[in-house]
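Q: I am new to this structure and would like a close look at a single part. Please take the pairing of charged side chains, then place it in its surroundings.

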Amino acid sequence: MRMNQTLTIPGEQQLYALLRTPIFSPKLLEERSAVIDHFIRDKENRERIQIALSKLGKSVGKFIVELLWDELPARNGLAFLYPWLLLLIPSSLS
């Protein structure tokens, strides 16, 4: 918990990938450091990306659609019937 200071699911996923697949190549480490340094120096760009990703939050079940369009498409009012319709398929085939 002390190491995980991420604010979003993508942040958690990136941290997990970094910890699970360490890099030992000096060239790749320099490239990673350059990206990190860029975000440290470029506050405006960093905050713009943080705001966009913060829309995902850390709750399981968040949708990418919310990040892209700020709201989910209207839900089909009959969607609750779909599981029941699937149950009827086998009986209609016999």
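A: Start in helix H2, where Glu31 and Lys27 are four residues apart, so about one helical turn separates them. Helices here are DSSP runs (H or I, at least four residues), numbered from the N terminus. The model is predicted: local features need pLDDT of at least 70, side-chain atom pairs count only at pLDDT 80 or more, and totals for chains, interfaces and linings use all residues. Residues are numbered from 1 along each chain as its sequence is written, and side-chain values use heavy atoms, without hydrogens or water.

Glu31 and Lys27 form a salt bridge (Lys or Arg side-chain nitrogen within 4 Å of an Asp or Glu carboxyl oxygen). Their closest N and O atoms are 4.0 Å apart. Side chains of opposite charge can pair when their charged atoms come close.

How open are the two partners? Lys27 counts as exposed because its relative accessibility is 57%. Glu31 has a relative accessible area of 40%, so Glu31 is partly exposed. The cut-offs are under 20% for buried and over 50% for exposed, with partly exposed in between (1.4 Å probe, protein chains only).

How many salt bridges does a search of the whole structure find? It finds two. The other joins Glu47 to Lys43. Here the closest N and O atoms are 3.8 Å apart. Glu47 and Lys43 are four residues apart in helix H3, so this pair too is separated by about one helical turn. Glu47 is partly exposed, at 34% relative accessible area. Lys43 is also partly exposed, at 48%.

Now the confidence. The pLDDT (the predictor's confidence in each residue, from 0 to 100) averages 77 over the chain. A score of at least 70 is reached by 77% of the residues. Where pLDDT is low, the predicted coordinates should not be read in detail.

Next, look towards the start of the chain. Tyr16 sits in helix H1. At 53% relative accessibility, Tyr16 counts as exposed. Tyr16 and Asn4 are 12 residues apart in sequence, and their C-alpha atoms are 9.3 Å apart. Thr6 lies in the segment before helix H1 (9-20). Thr6 counts as buried, because its relative accessibility is 17%. Beyond neighbours within four places in sequence, Thr6 is in contact (heavy atoms within 4.5 Å) with Gly11, Glu12, Leu15 and Lys58.

Technical notes. Helices (H or I, at least four residues) and strands (E, at least two) are DSSP runs, numbered from the N terminus.
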